[in-house]
Amino acid sequence: MSTVINVLLAGLGGQGVIKASAVLSEAAFRCGLEVKQSELHGMSQRGGSVRSDVRFGRKVLSPMVPPGEADFLVVLAPDQVEVNRAELRVGGVLITPECVDASQLANSKSLNMALLGALSTHLDIPAERWAEAMRSCFPAKLYASNQHAFDHGRQASLQPSPRP
Amino acid sequence: MSTTNRQLLSGNQAIALASRHAGVALGTGYPGTPSTEILEHFALVGGKAQWAPNEKVAMEVAIGAAYAGARALVTMKHVGLNVAADPFFSAAYTGVMGGLVVVSADDPGMASSQNEQDNRRYAVAAGVPMLEPADSQEAYDFTLAAIEISERWRVPVLLRVTTRICHTRALVSPRLDLPPPPAPHFVRDLRGRNLIPSNARPAHPRLRGKLAEMEAWNESCALNQVIPGDRELGIVTSGVCAMHAREAAPQARLLKLGFTHPLPMARIQEFVRSVCRCVVIEENDPYLADALRARGMVVESSPKQFRFGELNVDRVRRILARDDSPEPARAAGKPPELCEGCSHRVVFQALRDLDCIVAGDIGCYALGVLPPFSAMDCCVCMGSSIGIGLGLRHTLPEGEAKRVVSVIGDSTFVHSGMTGLAEMIYNPPSTGHVVIILDNSTTAMTGHQEHPGTGRNLMHQPTGKVVYEDLARAMGVRQVIVAPLGKDSLEFEGLVRRSLDSGELVVIVARRPCVLVAKHIRAYEKCPVGAEVTCPQ
């Protein structure tokens with residue numbers, strides 16, 4: 001990873017966008033990379049749009065993904081895809097709830113970790129770093145269900161999509 | 001690469017950790033995005049942190065601590081410094097003994113604020129030194145530097161941060177070798193700290209003398225850095241803009257200023273002369289550009305449109321390219337709304353249906369201005385609802401005056417509503433007035449902080465409690481009605497209608513805990529005094 005990886009996570013307040021970006025940042029940090037994660041707080045808990053920028057690599061300067069330069073766009077709410085699509089660079093990867101089978105999740109609140117699992121197949125971050133990151137970001141009793149959701153998302157992304 | 005000792009911290013957390021490591025004896029402030037987490041984290045890492053009723057009181061408490069020789073931290077959002085400006089300006093004259101760090105968290109782009117005022121102007125106006133960190137590591141380092149500067153020159157130091165510093169998590173290597181802070185003790189200084197005119201007159205030149213010394217010291221201060229690059233393009237910048245600029249123009253020579261008041265003018269002059277073209281990159285006001293031009297330096301600044309909103313790498317590229325063409329509009333996201341089950345919904349439904357003229361205030365309930373309620377006619381600043389409601393009452397024709405209601409949240413009422421209530425008692429409108437205190441038992445908007453009306457301190461432990469109905473009665477309001485809010489707005493609507501019709505001065509305390517925090521409150525209430533560590537978060 002000689003260059004900066006730009007990930008934009010988006011969704012609505014309460015969906016765990018910030019939590020997902022915390023886990024991603026922590027995992028990249030545990031790989032010894034420089035990480036910057038930037039978000040807008042404030043009104044987010046009241047159901048409004050939330051976005052969090054995560055950048056990592058050897059050296060990261062601006063904390064925000066420059067417009068149109070996201071390598072990965074992870075969107076937790078289907079109605080927030082179009083709002084954020086322009087942030088994705090040409091050839092960038094879009095990850096949406098359609099990438100996973102939400103009915104397989106024990107808890108719908110762990111969609112954020114499922115989509116991180118899907119994202120993980122594109123990143124050079126070892127599984128144990130992800131697990132450590134989740135352990136550090138969740139209370140012990142919530143770790144297992146989130147790891148399960150992550151693994152589900154990862155498997156779903158590795159298998160060919162059933163959808164056209 | 002070793003990660004030993006390094007931590008991933010937001011700028012806010014970094015300020016808190018540095019304060020803790022420096023032995024700050026007291027952290028105080030009022031919640032306000034993007035500053036709020038500083039005190040919460042300071043408490044988490046073992047510091048003594050407390051919420052004040054408002055920023056002015058917080059500033060005064062911090063000044064008192066610094067007079068005692070203790071190190072003190074006071075935090076607020078940018079508009080909070082307006083409230084705290086009075087003691088802030090005077091503390092510059094009296095000076096301090098212990099280090100006093102005043103954190104102003106500015107919000108370029110107004111992610112959650114009513115304006116994008118540039119508090120760098122306050123450093124100039126008050127005559128205090130100012131530091132501007134560019135990332136979390138600098139937030140940590142500059143907090144330590146601020147304490148050092150404050151104690152060396154015995155002045156408060158303004159640590160000016162912005163939303164992207166506060167809310168960006170980045171790597172921080174803390175220092176482990178810090179000496180313990182000096183022990184607090186009282187030193188009487190009658191002439192220094194009593195700003196009667198005969199003492200204040202010598203205090204002003206004394207402050208200017210300190211500023212001149214600091215400017216000279218700043219000329220070689222390590223808080224300012226030159227990043228080497230081509231002489232074709234030079235950039236003078238500070239704060240997070242330095243990061244955007246380095247990324248947008250990696251080839252440029254860059255002067256990144258960290259100690260931004262008083263400015264090291266000779267050093268800047270030398271830098272400007274060393275490059276062919278010099279551009280100032282800054283958010284909000286042309287603070288640096290104006291100061292440099294006033295000294296006769298030839299520098300470029302941004303086209304007008306970049307004065308609005310925060311900068312990013314793309315916008316800096318445009319500035320450097322002198323591109324003032326319209327920028328692509330970003331798609332609007334989904335606006336926030338009052339939560340499902342929020343008690344404010346009942347109130348705004350009633351006010352809408354009664355066609356009230358609503359003087360509103362700052363808090364979640366400002367969302368009452370959005371559909372489906374559209375039931376707020378103004379929202380200006382903390383506590384303004386009562387004064388503005390009274391002004392409307394005094395001057396509108398009677399038929400309209402009778403429809404005016406002031407709506408203010410519980411935390412906001414403690415912050416700045418009590419003086420409004422005194423005004424109402426003292427100068428009552430002929431049609432009476434109705435003030436509704438929306439008591440949801442928390443400072444909801446900023447993330448559920450306690451306040452003097454909740455009866456719990458920053459750590460959610462029980463403490464003294466301000467009871468609004470008792471307070472209003474004691475101040476002389478005869479009609480004080482406590483209205484527990486149900487799910488149905490009709491009952492509340494009837495109460496407001498009767499209150500409006502009475503022509504009297506009425507305070508209604510509309511009470512129901514915030515839906516997001518009710519279960520936490522129940523848990524706090526179960527905890528015995530001093531057992532806060534076992535409370536669920």
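**Where chain A meets chain B**

Strand β2 (residues 34-39) of chain A pairs with β8(B) in the antiparallel sense, over three bridges. Strands count as paired if DSSP finds at least two bridges between them. Helices (H or I, at least four residues) and strands (E, at least two) are DSSP runs, numbered from the N terminus. In this pairing, Q37(A) stands opposite R169(B) of β8(B).

This is a predicted model: local features need pLDDT of at least 70, side-chain atom pairs count only at pLDDT 80 or more, and totals for chains, interfaces and linings use all residues. Residues are numbered from 1 along each chain as its sequence is written, while chains are lettered from A and ligands numbered from 1 in the order in which they are written.

Now take the whole interface. Here 32 residues of chain B are in contact with 31 residues of chain A; contact means C-beta atoms, placed from the backbone, within 7 Å. On chain B, β8 (168-172), α10 (240-248) and α13 (313-320) each supply at least two residues of the side that touches chain A. The largest share, five residues, comes from α10(B). That side of chain B divides into 17 nonpolar, eight polar and seven charged residues. Nonpolar means Ala, Val, Leu, Ile, Met, Phe, Trp, Tyr, Cys and Pro; charged means Asp, Glu, Lys and Arg; the others, Gly among them, are polar.

Next, a sheet within chain B. Seven strands form an open sheet with mixed pairing, in the order β3-β2-β4-β5-β7-β6-β12. Its edge strands are β3 (49-51) and β12 (259-261) of chain B, each pairing on one side only. Strand β6 (residues 130-131) of chain B runs antiparallel to β12(B), joined by two bridges. There M130(B) stands opposite H261(B).

Methods:
Two residues are in contact if their C-beta atoms, placed from the backbone, lie within 7 Å.
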